[in-house]
Amino acid sequence: MEILFGACLNAEKEKTILDQRPSEVQLNVFEYRNYRTALEGPHQKFIEKIVNRWAAQLVKGKVMPVDTFPNAKVYLDQDLLTLTYVVDFNVQEFLLRDIVEMEFASDDDGELGQEELIVKFFDGDERGTLIFHFPRDRGHKGQSRERLSFALALRILRSRDPELLNDSDSVTVKRTGDSAVNRSAHKPTEVVLQQVRFNADHGIPVVFSVSDLRLFAPVPSTSRFSYLEFFVKYPSQEKYWYAKSPAETLPEHARKGPDERPKGKQTEDTKDKEREAMRALADAKEPIAQIKFNLKNVKLKVPSIPHVIFGRLMAKDDYFPTALGTFEILVDPSMVCDKRRGHEKQVQPAYKPIDVTSAQKERVIDKDEAGQDNEHERNIRVGRLHIRIIAYLTSESK
């Protein structure tokens with residue numbers, strides 16, 4: 001790796017090539033082939049493609065896991081010399097020429113399923129550090145091609161800066177056997193929980209049991225059976241990131257057909273009954289049915305905590321299952337039982353009532369600020385799910 005870095009970074013533009021770029025700094029990355037390096041032609045073209053790909057992505061803005069933020073956005077300016085890091089409304093800028101060290105950190109035991117590139121900056125007064133996370137390539141234990149290509153692109157683009165001083169143009173490259181997460185095993189529980197884990201098998205275990213579902217309003221369904229689904233909020237769908245309950249009977253009085261208004265002219269009695277039904281939907285407090293789901297000690301794994309587990313109440317169908325309601329379960333640090341040596345913290349499973357919101361909007365009548373009836377459509381609470389939930393943090397953040 002160090003040989004490859006050294007070979008392609010002592011770049012020197014051939015004197016016979018005319019530089020017709022509109023900016024002294026701006027580089028059309030396709031021109032990297034015109035730089036004289038210690039690489040052979042085919043190898044240099046390969047490196048050129050890597051730099052070109054990363055430059056195109058970063059100029060537009062690329063979502064990357066950085067530090068403890070899984071959805072940070074990373075940009076390069078038009079001159080490809082300034083790295084901008086955006087999280088929510090927090091914006092930080094780093095000049096590539098201020099890079100003094102790149103550390104390739106790996107998780108040798110494979111517990112976290114990730115590789116890290118730790119980039120350190122020094123501008124003379126302050127030192128900053130960015131930790132980029134990359135999922136481990138399957139079949140390439142201990143290596144991430146994306147990580148290596150990203151590091152190469154940064155190094156090559158850095159070497160073009162005309163203000164780079166000769167006595168400070170070197171970058172120290174290190175390789176360590178422990179990732180930043182493993183080195184932080186001694187840190188407080190809150191710090192370890194925030195670290196994102198990219199492999200579903202090595203996420204933080206969350207165990208929950210469903211007591212029952214109490215319905216407060218009929219749900220629009222023609223199916224006699226319903227079931228629950230649980231999703232971990234993550235881009236891919238793998239084992240431990242999804243759970244499904246067995247189907248249970250949906251009581252007949254808790255089902256209703258399509259919402260159809262009576263045709264023709266309505267009488268005052270009919271209108272009054274419809275208004276009362278809409279008022280009841282808006283503020284239903286007494287359950288009309290109870291469904292007990294056979295879902296005990298279900299284990300999911302989340303990449304970090306706090307985290308939201310999404311769920312749906314579904315109507316069973318062989319071809320087109322229909323969502324009847326949705327809900328969210330927030331897993332927060334107060335639910336975590338820390339079993340790491342020296343950090344033992346015993347926590348009892350938390351009892352949580354979770355409101356289930358209708359998947360489609362219903363016509364209801366609410367009171368406005370003036371106390372007048374306001375007829376409109378909105379999602380209503382159709383039920384409440386009762387669960388017990390606990391999360392575990394074990395040694396090595398496994």
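**Strand pairing and a loop aspartate**

Strand E20 (residues 322-331) and strand E22 (residues 350-358) pair in the antiparallel sense over two bridges; strands are DSSP runs (E, at least two residues) numbered from the N terminus, and two strands pair if DSSP finds at least two bridges between them. This is a predicted model, in which local features need pLDDT of at least 70, side-chain atom pairs count only at pLDDT 80 or more, and totals for chains, interfaces and linings use all residues. Residues are numbered from 1 along each chain as its sequence is written, and side-chain values use heavy atoms, leaving out hydrogens and water.

Q: Which residue in E25 is the bridge partner of Pro353?
A: E22 pairs with strand E25 (residues 381-393) in the antiparallel sense, over eight bridges. In E25, the residue that partners Pro353 is His386.

Q: Is Asp77 buried, partly exposed or exposed?
A: Asp77 lies in the loop between strand E4 (69-76) and strand E5 (82-87). Buried means under 20% relative accessible area and exposed over 50%, with partly exposed in between (1.4 Å probe, protein chains only). Because its relative accessible area is 26%, Asp77 is partly exposed.

Q: How far from a polar atom of the Asp77 side chain does the backbone nitrogen of Thr82 lie?
A: Leaving aside residues up to four places away in sequence, Asp77 touches Val59 and Thr82, where contact means heavy atoms within 4.5 Å. From the polar side-chain atom of Asp77 to the backbone nitrogen of Thr82, the distance is 3.0 Å.

Technical notes: Helices (H or I, at least four residues) and strands (E, at least two) are DSSP runs, numbered from the N terminus. A polar contact is a pair of N or O atoms within 3.5 Å; within protein, one must be able to donate a hydrogen and the other to accept it, and residues adjacent in sequence count only if both atoms are side-chain atoms.
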